[in-house]
Amino acid sequence: MKKLDVDVAIIGTGTAGMTAYRAAKAQGARTVVIESGVYGTTCARVGCMPSKLLIAAAESAHAMQHSAPFGVHAGEVRIDGPAVMERVRRERDRFVGFVLESVESFDEADKLRGHARFTSPHTLLVDDHTEVTAARIVIATGSTPLRLPALENVGPGIATSDDVFYWDDLPKSVAVIGTGVIGLELGQALHRLGVRVKLFARGGSIAHISDPEVLRAAGRVLNEELDIQFQSKDIGAVQEGEEVALTVADALGKEQTERFQYVLMAAGRTPNVHDIGLEHTGLERSEDGIPLFDARTMQCGNSHIFIAGDANNERPLLHDAADHGKIAGDNAGRYPDVRPGLRRTPIAVAFTEPNIATLGASYKSLVEGGKRKFAVGSVSFANQGRSRVMLQNKGMLRVYAEFGSRRFLGAEMIAPRAEHLAHTLSWACQMRMTVDQMLEMPFYHPVIEEGVRTALRDLAQCLTKGESDVDAADTEPGT
Ligand SMILES: Cc1cc2nc3c(=O)[nH]c(=O)nc-3n(C[C@H](O)[C@H](O)[C@H](O)COP(=O)(O)OP(=O)(O)OC[C@H]3O[C@@H](n4cnc5c(N)ncnc54)[C@H](O)[C@@H]3O)c2cc1C
Ligand SMILES: NC(=O)c1ccc[n+]([C@@H]2O[C@H](COP(=O)([O-])OP(=O)(O)OC[C@H]3O[C@@H](n4cnc5c(N)ncnc54)[C@H](O)[C@@H]3O)[C@@H](O)[C@H]2O)c1
């Protein structure tokens, strides 16, 4: 057995682990990063990047198929499945290549391959070949797709998002289990690329929306295009040759069996904290088995152990994994001098069309504790000028502010190009701007941001009147 003694050991070489490594090294700590899988990160290999590549192909197909109302006729659109998937993989491999170059730049002596698990609070066993003793440890083990027991051991037709980007061709049909971000992004993209898609939702949730009005609007908008069965329960599946026979019960308990080439499990992701020997650390853990930690320092309790990225499940998103990693690496490097790091205004975007986005305080967090004590402004995009010009006039934005201070608190939306609207609003939120200060900012014409202004004006009125129940329709048809 090889033995290694270091200042900082980092478990996992994904986005959080790589950022933590650089930060700990910058503090002068002798650091080792341990990786059990392939280098390249979840984001680049099977996450953010390949999913957006698939979505880009789908947007292109959709635009060509829906250009007739503009008087533009593309003729018969042919989707070449192998070519679509080949580009997804080729471009994905390019992104992965940049990550690999980055890992290659790490000192060889700092990299260890194998599955790490705690054998005591300060020791890690890597496979059966190396024992690492570390003064401080960062857990950056990421997450894996949740596997539903009803769909276990069925056959090759059961897939997760990890499999999709390795497909050589587009399938004929896919059942998507889950209407979270992954289910909706991949489900809509595949649908737009000509795959027969049906989505099954356990309840009524859509992505990360918590505002009931936005949720209703999203249900309406998405149902216009996609076949979504809400309130359904997956009963089981059987592989029958090239297809899977999936049996699902509807809200009334009525069972129905349909055949699909693939059933895509998109029912959430589980933090990789269950097979790393946490029971040997003495750390206090949540019901989900995740060590309790401080989201400003990433420190677990008062210990020498830190947790970053999807592993802590705080905000399982790429930019947060990087922020977590930086804070955890800085603090592990200079321990016991543990300091709070930079946390930004929360922002999340689902790249559906229209985009779904949330930022700042969620509606759910604001109503917690009973009576609603905040003002709400809203806008529908049904009649918003620029959105209508582009034939993307669908969706709703709701903005929230604090009575008294008139400070902007957050927003939820399904809206055209919401990825950009959400950024503008999240910057205002982080700058702690009031609604009045936001309305003093420039708004060009004609832009989708004029819809944001309508919602903010509505919010300002609501703050002044002291009411919180105003629901305005859009008032700017682009004149
Ligand atoms: C389909 C999909 C699309 C996504 N799209 C977006 C998006 O558009 N925008 C966005 O912000 N986020 C997106 N995400 C989420 C984003 O990819 C993750 O939040 C982010 O990659 C998490 O980084 P991480 O460093 O925590 O984990 P990872 O990159 O998964 O790294 C963890 C590493 O730890 C290793 N490991 C695990 N256990 C051990 C062990 N015991 N010993 C040694 N090594 C171990 C793993 O092999 C892995 O390499 C998407 C995710 C998916 C799945
Ligand atoms: N654009 C992005 O930023 C992006 C894209 C993809 C993934 N991600 C990240 O990956 C995480 C995981 O995504 P996800 O979509 O897998 O999880 P999720 O938590 O967003 O959604 C899971 C969905 O599955 C449903 N579900 C759970 N169990 C079910 C069951 N038995 N039957 C039917 N439905 C069931 C849930 O109700 C929920 O709607 C996200 O939370 C996000 O942080 C981000």
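In which loop does Asp127 lie? Asp127 is found in the loop between strand S5 (123-126) and strand S6, where helices (H or I, at least four residues) and strands (E, at least two) are DSSP runs numbered from the N terminus.

The model is predicted: local features need pLDDT of at least 70, side-chain atom pairs count only at pLDDT 80 or more, and totals for chains, interfaces and linings use all residues. Residues are numbered from 1 along each chain as its sequence is written, while chains are lettered from A and ligands numbered from 1 in the order in which they are written.

**Backbone features**

Most residues other than glycine have a negative phi, and most peptide bonds are trans. The table lists exceptions to these two patterns.

| Site | Feature | Value |
|---|---|---|
| Asp127 | positive phi | about 45° |
| Arg406 | positive phi | about 60° |
| Tyr335 and Pro336 | cis peptide bond, omega | about 10° |
| Glu353 and Pro354 | cis peptide bond, omega | about -5° |

A residue is buried if 20 or more other C-beta atoms (placed from the backbone) lie within 10 Å of its own, exposed if 12 or fewer, and partly exposed in between. Asp127 has 13 other C-beta atoms within 10 Å and is therefore partly exposed. Arg406 occupies the loop between strand S21 (396-402) and strand S22 (408-415); with 18 C-beta neighbours inside 10 Å, Arg406 also counts as partly exposed. Pro336 belongs to the loop between H8 and strand S18 (347-350), and Pro354 to the loop between S18 and strand S19 (355-360).

Leu124 in S5 is the bridge partner of Phe118. Two residues separate S4 and S5 in this hairpin.

**Ligand 1 and helix H1**

The shell around ligand 1 has 35 residues, of which Gly12, Gly14, Gly37, Gly142 and Gly309 come nearest; a residue is near a molecule if its C-beta atom, placed from the backbone, lies within 6 Å of it. Elements that give two or more residues to this shell include helix H1 (15-26), strand S2 (31-35) and helix H8 (318-334). By class, the shell comprises 15 nonpolar, 18 polar and two charged residues. Ala, Val, Leu, Ile, Met, Phe, Trp, Tyr, Cys and Pro count as nonpolar, Asp, Glu, Lys and Arg as charged, and the others, Gly among them, as polar.

Nine of the twelve residues of H1 are buried, so H1 is largely enclosed by the rest of the structure. Among the buried residues are Thr15, Gly17, Met18 and Tyr21. The buried residues pack against several elements, including strand S1 (2-11), helix H4 (81-104) and strand S6 (130-139). The end C-alpha atoms of H1 are 17 Å apart, which agrees with the 16 Å that its twelve residues should span at 1.5 Å a residue; the expected span is 1.5 Å times one less than the number of residues. Gly28, which follows H1, has a positive phi near 85°.

**Ligand 2**

Around ligand 2 there are 25 residues, the closest being Gly178, Gly180, Ile182, Arg202 and Ala267. Helix H6 (181-192) and S18 are the elements that give two or more residues to this shell. H6 supplies the largest share, four residues. The shell divides into 14 nonpolar, seven polar and four charged residues.

Note on methods:
Contact = placed C-beta atoms within 7 Å. Pairing = 2+ DSSP bridges.
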